[in-house]
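Keep the 3D view open and take the points one at a time.

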Amino acid sequence: MPNMLNCFKANDVRGRVGEDLTGETAFRLGLAFARHLNTDREVAVGRDVRLSSEELQAALSDGLRAGGASVVDLGLCGTEEIYFAVFSQNLAGGVEVTGSHNPVTDNGFKLVRDRARPVGQSSGLEEIRRLAESPGPATAARRGGYRRAGFRREYVEHLLGYVEPAQLPPLTIAANSGHGVAGPVLDEVEARLAEVGAPLKFVKIGHRPDGSFPLGLPNPLLPENRGLTAQTVLKHGAGLGLAWDGDFDRCFFFDENGRFIEGYYLVGLLAEYFLSKHPGAAIIHDPRLIWNTVDLIRGRGGRPVQSKTGHAFIKDRMRTEGAVYGGEMSAHHYFADFACCDSGMVPWLVVLGLLGATGRPLSALVGDRQTLFPCSGEINYQAEDPAAALKAAWDRFGPRALSRDDLDGLSLEMPDWRFNLRRSNTEPLVRLNVESRGRPDLVDAAVAEIESLPGLLRIH
C-alpha cells in the first residue's frame, strides 16, 4: 500500500494518483473516517470532475460503509455543496473527492464532521491517518447503507438569501468555470435570479465539466490562467468577471476593465460589508497580507483576529471568536451563516449586491485601497530547504524589522513595508507576499531582494 504519510497534509488529504493515492488508499481512508466518526448515521460523499475522482469516490464510499457509516452520494458537485448537505441535513460528516487547484496528476479528499466542522491536524486528521495506516483496520459488524440524493435546489435558495434582488444592477458577467464543477450550479443560480427579475446576462466560458481541462488547470491564482476571462470581459463589455477553481470553493474577480483583483482587497471589501450588517463583529484574516484588512476592520469598528492560513484553522477560529466573516487573500471566504465554511458562490453574489447598492464599478470599490496598500500578490518558489530559506530571510531582514510574527511562516514588519514567507500547506513550495503603505516601489525592491537569497527558485 502507498505510504499514507505522503498524502496527509495540514488540512486535508492530497497526493499523486497511483502513487500516494489509490483505490486502496481511498477505501482505507473511508474505513478510518467511519471509525473516527463512530456512527451509523449518513455521511455525504461527492466528487469533482477529475478523471480519477469517480473511482476514488467509489472506493471511499465502500470504506465508509465497511466501517458502518451510511453514504449519501451527491455525485458530481462542489466542495461547498458537501458542506451545505452536512449542516442543512444534520449528517454525521462529509467528504469531497477533489484535487482542487493542484496538478492534474493529483487528487485528494476534503473531510468535515457534523455541522460541517473541519477535520484538520488538531481536529481528527492525525487519528484518521493512524487508523488508516493500521495493518488491518476492523470493519463494522453491520455494513452501512447507500442512497443517491441531491440538495442543490435548497443550496441555491440559501445562496439567494445573501442578495436583495431589487438591488441587483443590470450587468453582463463573464463567468469562467474552467471546465470544473461550477457550471451546473451557475446555471441554477442564473435561473433563480431570472425568476426574481434580476437583469443579468452571463457570458459563460469553460462551462461544461470536463476532467481533461481543455482550457488548462482551473487555477486563476496563476497569472497565466487569467487571460481568457479578462479578454471576455473586454470583448463583451462585461461589468464583472468571475473565475473559479475546480471545486469552486474559491472565486476570483476581474473588474470592468478586465483587470484581475487580488483576493486580498476582496477580503477588505467583504469585511466592510458584513460589519455594516453586524457592527462590532469579529473578522478573521490570515497573516500573509494584513495592513489593508486590519485598517478597514478597525476603521469600521470591527475586531480583526489573525489566524493561521488554511480552512481548518480559519473555521475553528471563526467558531471560537463568534466571527461573522473570515477571509484569506488566496480567495477563500468564510461565512457564519454558511456554518463558518468557505464558499465560491456567496462572495460574487454579495459583491453584485454592492455594485447595485452603490452604483459604482468594482474598480472604484477597491481602487483607493489598492493605492493605499499595494501588494505583490502571491509569488511561488521552489526551495530545496524551506527552513533554510526562512532562516536566510530572517538573517537578511531581521536587523531592520520592527516586529516578527511566526504564526504562519515568517512575517517581518518594516516601517513602510512587510512580508510573509511561508511553506505551502498543500504543495512543495515556499510562498511570498509583500505589501507596503502606498509605495509600490518598495514592494518591487523587497521582492527583488528576497529573490536574491540563496535556495529560492521563482516559478513563472
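Which elements each supply at least two residues of the lining of the largest cavity?

1. **The largest cavity.** Please bear in mind that this is a predicted model. To the question above: the elements are β10 (251–254), β11 (260–261) and α8, each with at least two residues in the lining. The largest share, three residues, comes from β10. The cavity holds about 40 Å³ of space. You can trace its lining through Cys 251, Phe 252, Phe 253, Phe 260, Ile 261, Glu 262, Gly 263, Leu 266, Ala 331 and His 333. By class, these residues divide into seven nonpolar, two polar and one charged.

2. **The other cavity.** A search of the whole structure finds two cavities of 30 Å³ or more. The second largest cavity has a volume of about 30 Å³, and its lining consists of Ala 10, Asn 11, Gly 120, Gln 121, Ser 122, Ser 123, Ala 312, Phe 313 and Asp 316. Two or more of these lining residues come from each of α4 (121–133) and α10 (311–321). Here the classes are three nonpolar, five polar and one charged.

3. Of the elements, α11 gives the most, with four residues. The lining of this pocket divides into seven nonpolar, four polar and three charged residues.

4. **Helix α14, its length.** This helix covers residues 440–451, twelve residues in total. At 1.5 Å a residue it should span 16 Å, and its end C-alpha atoms are 17 Å apart, which agrees.

5. **Helix α14, its buried face.** Which residues of α14 are buried? They are Leu 442, Val 443, Ala 446, Val 447 and Ile 450. Seen down the axis of α14, these buried residues fall within an arc of 135 degrees, so they line one face of the helix. As for partners, the buried residues of α14 pack against β17 (379–383), α13 (386–397), β20 (417–423), β21 (430–436) and β22 (456–458).

6. **Gly 94.** Is this residue buried or exposed? Gly 94 has 0% relative accessibility, so it counts as buried. You will find Gly 94 in strand β4 (residues 93–97). Leaving aside neighbours within four places in sequence, Gly 94 is in contact with Phe 33, Val 43, Ala 44, Ile 82, Val 86, Lys 110, Leu 111 and Val 112. One of these, Ile 82, is twelve residues from Gly 94 in sequence and 6.1 Å away in space, C-alpha to C-alpha.

7. **Asp 62.** This residue is found in helix α2 (residues 53–66). With a relative accessible area of 32%, Asp 62 is partly exposed. Not counting residues up to four places away in sequence, Asp 62 touches Phe 27 and Arg 143. Between Asp 62 and Leu 270 there are 41 Å in space, C-alpha to C-alpha, and the two are 208 residues apart in sequence.

Technical notes
Residues are numbered from 1 along each chain as its sequence is written. This is a predicted model: local features need pLDDT of at least 70, side-chain atom pairs count only at pLDDT 80 or more; totals for chains, interfaces and linings use all residues. Side-chain values use heavy atoms; hydrogens and water are left out. The expected span of a helix is 1.5 Å times one less than its number of residues. Buried means under 20% relative accessible area, exposed over 50%, partly exposed in between (1.4 Å probe, protein chains only). The arc is that of the directions from the helix axis to the C-beta atoms. Contact means heavy atoms within 4.5 Å. Ala, Val, Leu, Ile, Met, Phe, Trp, Tyr, Cys and Pro count as nonpolar, Asp, Glu, Lys and Arg as charged, and the others, Gly among them, as polar. On a 1 Å grid over the protein atoms alone, a cavity is a set of points where a 1.4 Å probe fits but cannot get out, and a pocket is an open set with protein on both sides within 12 Å along at least five of seven lines; lining residues have an atom within 4 Å of a point. Grid points are joined across faces, edges and corners, and a volume is the space filled by probe spheres set on the points.
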